[in-house]
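Here is a short briefing on one protein chain. Please keep the sequence and the 3D view open while you read.

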Amino acid sequence: MKVVLAVFQIDRRGGKERDCLAVAEALRARDHDVTIVTTSRPAADLTSWRVISLPKRGLSNHVRMRNFARAVKAYVESERPNAVLAFDRIPGADFYYAADAAIAARKSGWRAWLPRRRAYLALERGVLAPPLRTRVFFLTERQRDEYAAAYGFDAARGIVLPLIIHDERYDAARRPAGRERIRAELKLPRDAILAVAIAVKPKQKGVDRTLKALADHPSLHLLIAGSSEDWIMRQARAQGIADRVHVMPYVTNVMDLMFAADFLVHPARAEAAGQVIGEALLAGTPALVSEICGYAGEVRRSGAGLVVPEPFDPRVFSEHIKTMLDRLPQMRESAKAAADR
């Protein structure tokens with residue numbers, strides 16, 4: 001069977017992109033003919049795949065995404081695969097992997113009139129609005145219910161997936177790296193209390209929120225992995241905390257970072273699930289997350305961390321950080337129990 005997987009930018013390597021590659025590998029293992037359609041140029045580790053790089057046209061992200069959806073449609077009409085699985089909002093796809101929260105469910109106010117939101121909402125409607133029949137893979141029941149409330153589609157169109165953690169994370173958890181060795185390799189303070197933030201999209205994942213709160217907690221260091229955008233250190237310097245902020249680009253050894261940290265901090269603004277939360281618990285690392293995260297319930301059920309309620313309040317978030325610091329030994333014990341489960 002010829003299968004096309006469509007993802008806007010495969011080289012970002014966030015959860016959605018890694019899920020795409022994992023699905024591609026599973027399909028290939030079942031002898032399907034898999035093609036990945038994207039706007040990225042094939043990286044060295046993608047040479048074993050058939051990757052079609054479509055031009056990235058447009059001056060803004062929403063225009064580029066709209067043009068990508070049109071280009072995917074044209075490619076599909078030309079190649080006529082048996083199935084199309086889209087990891088971004090691609091009208092006409094047979095299956096949609098809903099890695100993002102529903103745009104239609106977000107409160108927007110005056111932003112509803114902005115071209116960016118209107119463009120993304122039109123793409124979302126092109127996938128989910130009745131009478132369309134695209135089958136949807138959801139990451140959580142809450143996410144499914146949000147989409148269903150927004151679009152009133154038949155629940156039979158959707159499948160809720162179990163908590164997703166990739167095989168290599170389990171392999172790493174079976175062979176945990178030494179905390180002191182990892183800190184030494186990363187040039188991190190050996191005895192510092194360290195929070196880790198994994199954020200390919202740092203503002204969406206609330207890195208700026210964490211930086212603002214860091215000034216309230218002079219004993220806490222922050223490691224930010226996944227992005228090295230200039231504004232991060234500018235904000236840190238402006239707040240006088242630059243000596244406690246450590247930034248590194250995307251790395252594959254996420255579990256090593258979890259082992260090196262005292263807790264995960266993830267006050268995301270939008271997060272349909274949050275694989276990094278499951279990865280933290282797998283590593284036996286407590287997590288401090290915003291209630292918006294789809295996997296926040298895993299933190300509550302395990303007792304291995306804290307959930308910051310919505311609507312988000314910076315003062316409440318800072319108080320939760322203090323509670324984490326005060327209760328770290330108990331939190332780590334709960335996280336280790338969660339890892340065993």
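The points below cover overall build, salt bridges, surface charge and backbone geometry.

This is a predicted model: local features need pLDDT of at least 70, side-chain atom pairs count only at pLDDT 80 or more, and totals for chains, interfaces and linings use all residues. Residues are numbered from 1 along each chain as its sequence is written, and side-chain values use heavy atoms, with hydrogens and water left out.

**Overall build**

- The chain holds 13 helices and 13 strands. Both are DSSP runs numbered from the N terminus: helices are H or I with at least four residues, strands are E with at least two.
- The radius of gyration is 20 Å, which agrees with the value near 20 Å for a compact globule of 341 residues. It is taken over C-alpha atoms, and the globule rule is 2.2 Å times the number of residues to the power 0.38.
- Along the principal axes, the C-alpha atoms fill a box of roughly 60 × 45 × 40 Å.
- Buried residues make up 52% of the 341. Buried means under 20% relative accessible area, exposed over 50%, and partly exposed in between (1.4 Å probe, protein chains only).

**Salt bridges**

- The whole structure has 19 salt bridges. Each is a side-chain nitrogen of Lys or Arg within 4 Å of a carboxyl oxygen of Asp or Glu.
- Arg-89 pairs with Glu-124, with the closest N and O atoms 3.1 Å apart. Arg-89 lies in the loop between β4 (83–86) and β5 (95–97) and Glu-124 in helix α3 (residues 115–128), so the pair ties together parts 35 residues apart in sequence. Arg-89 is buried at 9% relative accessible area, and Glu-124 is buried at 0%.
- Glu-279 and Arg-169 form a salt bridge at 3.1 Å, N to O. Glu-279 sits in helix α10 (residues 275–282) and Arg-169 in helix α5 (residues 167–174), so this pair ties together parts 110 residues apart in sequence. Glu-279 is buried at 1%, and Arg-169 is buried at 3%.
- Asp-171 and Arg-174 meet at 2.8 Å, N to O. Both lie in helix α5, three residues apart, about one turn of the helix. Asp-171 is partly exposed at 32%, whereas Arg-174 is exposed at 59%.
- Lys-16, Asp-88 and Asp-100 are linked in a salt-bridge network.

**Surface charge**

- Arg-12, Lys-56, Arg-106, Arg-116 and Lys-201 form a positive surface patch. Patch residues have over 30% relative accessible area and no salt bridge, and like charges are joined within 9 Å. Lys and Arg count as positive; His and the chain ends are not counted. The place of a charge is NZ of Lys or CZ of Arg. Areas come from the Shrake-Rupley method with a 1.4 Å probe.
- Arg-12 is in the loop between β1 (2–6) and α1 (15–29). Arg-12 is partly exposed, at 31%.

**Backbone geometry**

- Most residues other than glycine have a negative phi, and most peptide bonds are trans.
- Pro-130 and Pro-131 are joined by a cis peptide bond, with omega about 10°. Pro-131 is in the loop between α3 and β6 (135–138).
- The bond from Glu-310 to Pro-311 is also cis, with omega near 0°. Pro-311 is in the loop between β13 (305–308) and α12 (314–326).
- Arg-80 has a positive phi of about 50°. Arg-80 is in the loop between α2 (61–79) and β4, and is exposed at 69%.
- Lys-187 has a positive phi near 60°. Lys-187 is in the loop between α6 (179–185) and β8 (193–198), and is exposed at 71%.

Conventions. Patch = residues over 30% accessible without salt bridge, like charges linked within 9 Å, V, L, I, M, F, W, Y side chains within 5 Å.
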